[in-house]
Structures are given as structure tokens and as C-alpha cells.
Amino acid sequence: MSINKHRPHILVLPEDDANRQIANGFILDLNLNSRAIQVLPEAGGWKNVVEKFTNDYASTMRQYPDRMIALLIDFDEDKDRLIYVKHQIPDDLKNRVFVLGVLSEPERLKRDINKNFEEIGEALAKDCSDNTNELWGNDLLKHNKTELDRMISSVKPFLFNLK
């Protein structure tokens with residue numbers, strides 16, 4: 001099934017294969033409305049995520065006011081990366097674009113918690129669905145809190161089948 005562009009939905013633009021696998025694990029959550037989310041092909045680097053978003057998706061977001069997008073990037077321990085990426089997002093779209101990712105890289109998170117990428121995605125979705133912060137509270141993910149809170153308040157009403 002594919003998303004309905006005229007109903008609230010979110011696209012996920014992953015930087016690389018590891019982030020794509022995490023996103024795919026996320027959509028395996030049984031409480032998730034799979035018709036409201038689509039994982040896009042990997043962009044091949046965080047700069048390519050920004051470029052693809054600005055060149056390919058910003059205009060379609062204006063066409064479809066119910067469209068949101070999550071940019072899934074590695075922060076590579078760069079504290080200024082979020083600021084840089086957010087500055088590339090046009091003002092009229094800022095409230096519908098979310099920038100999330102592992103503080104270092106997904107491979108380190110995978111090693112630290114001893115789960116594969118899909119299991120990481122499933123655990124992150126469970127946290128969102130259950131209003132918990134077990135994995136999102138991890139040292140490599142907790143920097144996402146502000147973006148995550150913003151995203152959850154926007155997408156939870158249509159993305160998760162409320163219990």
C-alpha cells in the first residue's frame with residue numbers, strides 16, 4: 001500500500017543504509033499506520049539528505065500541506081550539524097521538517113545496545129507508541145529530544161493507532 005498524499009503522512013529520508021534499516025524497523029511496529037509513512041531511498045550522506053530535501057521534496061511539501069518529512073542523519077559528533085541543517089530548511093516548511101539521528105553513527109549505537117538496526121527501529125517506535133523513553137533516552141539519542149517532542153506532537157495523531 002502507498003501513502004495518500006492528501007491525508008497527513010510523513011516521509012523518511014535516510015542518510016545511508018543503516019538509517020534506512022532503522023526506519024524500516026520503525027514501520028514494523030504493529031501500532032503504526034503503515035499507510036501514513038514512507039521510507040525513501042537512502043541519500044548517500046548527510047549533505048545529500050539536505051540537498052535531496054531542498055531540491056526534490058521542499059516543493060512537493062508545498063503542494064501537499066499534509067506532508068511532513070523526517071531527515072535521518074548521522075551527527076558524527078558534530079554539535080553544529082543540527083543548526084546547519086535547520087538553516088537549510090525554508091521558513092514556511094520548518095514546522096513540518098524534523099531532523100533526527102544518532103549522535104555519532106548508527107553502527108556505534110548498534111554495538112552499544114547489542115541490537116540490529118531493525119530492532120533499534122522497532123524499539124524506537126515502541127517508545128513513541130507507548131510514551132516511553134527507554135531507547136530514545138540513550139546517550140547517543142537523547143540529543144533528539146526537542147525535535148522528537150515536536151515530531152511526536154505532529155505525527156502521533158495519524159501515525160499511531162491510539163490504544
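Q: How far apart are the mean positions of the positive and negative charges of the protein?
A: The model is a predicted one. In the protein, the mean positions of the 23 positive and 27 negative charges are 5 Å apart.

Q: What percentage of the residues in the protein is buried?
A: A residue is called buried when its relative accessible area is under 20%. Of the 163 residues in the protein, 48% are buried.

Q: Which share of the contacts with a separation of 6 or more comes from residues 24 or more positions apart?
A: Contacts may be sorted by the separation of their residues in sequence. Among the contacts in the protein with a separation of 6 or more, 79% are between residues 24 or more positions apart.

Q: Why can helix α1 be described as largely enclosed by the rest of the structure?
A: Helix α1 spans residues 17–26, and seven of its ten residues are buried, so the helix is largely enclosed by the rest of the structure. The buried residues are A18, N19, I22, A23, N24, G25 and F26. Their cover includes the strands β1 (9–14), β2 (37–39) and β3 (67–72), together with the helices α4, α5 (117–130) and α6 (145–159).

Q: Is L40 buried or exposed?
A: L40 lies in the loop between β2 and α2 (46–63). Its relative accessibility is 6%, so L40 counts as buried. Neighbours within four places in sequence aside, L40 is in contact with L11, V12, L13, P14, Y57 and I69. One of these pairs, L40 and L13, is 27 residues apart in sequence, with a C-alpha to C-alpha distance of 5.3 Å.

Q: Which residues does S104 touch, not counting those up to four places away in sequence?
A: S104 touches D74, F75, D76, E77 and L140. S104 is found in the loop between β4 (97–100) and α4 (106–113). At 7% relative accessibility, S104 is another residue that counts as buried.

Q: How many salt bridges does the count come to?
A: Side chains of opposite charge can pair when their charged atoms come close. With a cut-off of 4 Å between the side-chain nitrogen and the carboxyl oxygen, the count comes to 14 salt bridges.

Q: Where in the protein do the residues of the salt bridge between E77 and R108 lie?
A: For each pair, one reads the distance and then the location of both partners. E77 and R108 form a salt bridge whose closest N and O atoms are 2.9 Å apart. This pair links distant parts of the chain: E77 is in the loop between β3 and α3 (81–87), while R108 is in helix α4, 31 residues apart. E77 is partly exposed at 42% relative accessibility, and R108 is partly exposed with a relative accessible area of 33%.

Q: What separates K52 and D56 in helix α2?
A: K52 and D56 are four residues apart in helix α2, so about one helical turn separates them. Their side chains meet in a salt bridge of 3.4 Å, N to O. K52 has a relative accessible area of 29% and is partly exposed; D56, at 37% relative accessibility, also counts as partly exposed.

Q: How far apart are the closest N and O atoms of K126 and D130?
A: In this salt bridge the closest N and O atoms are 2.5 Å apart. Both K126 and D130 lie in helix α5, four residues apart, about one turn of the helix. K126 is partly exposed, with a relative accessible area of 48%, and D130 is partly exposed with 25%.

Q: Which residues are linked with D17 in a network of salt bridges?
A: Salt bridges may also join into a network. Here, D17, R20 and E42 are linked in this way.

Key. Residues numbered from 1 in each chain as written. Predicted model: local features only at pLDDT ≥ 70, side-chain atom pairs only at ≥ 80, totals over all residues. Heavy atoms only, no water. Buried < 20%, exposed > 50% of the residue type's maximum accessible area, 1.4 Å probe, protein only. Contact = heavy atoms within 4.5 Å. Lys, Arg positive; Asp, Glu negative; His and termini not counted. Charge placed at Lys NZ, Arg CZ, Asp CG, Glu CD. Helix = DSSP H or I, 4+ residues; strand = E, 2+ residues; numbered from the N terminus.
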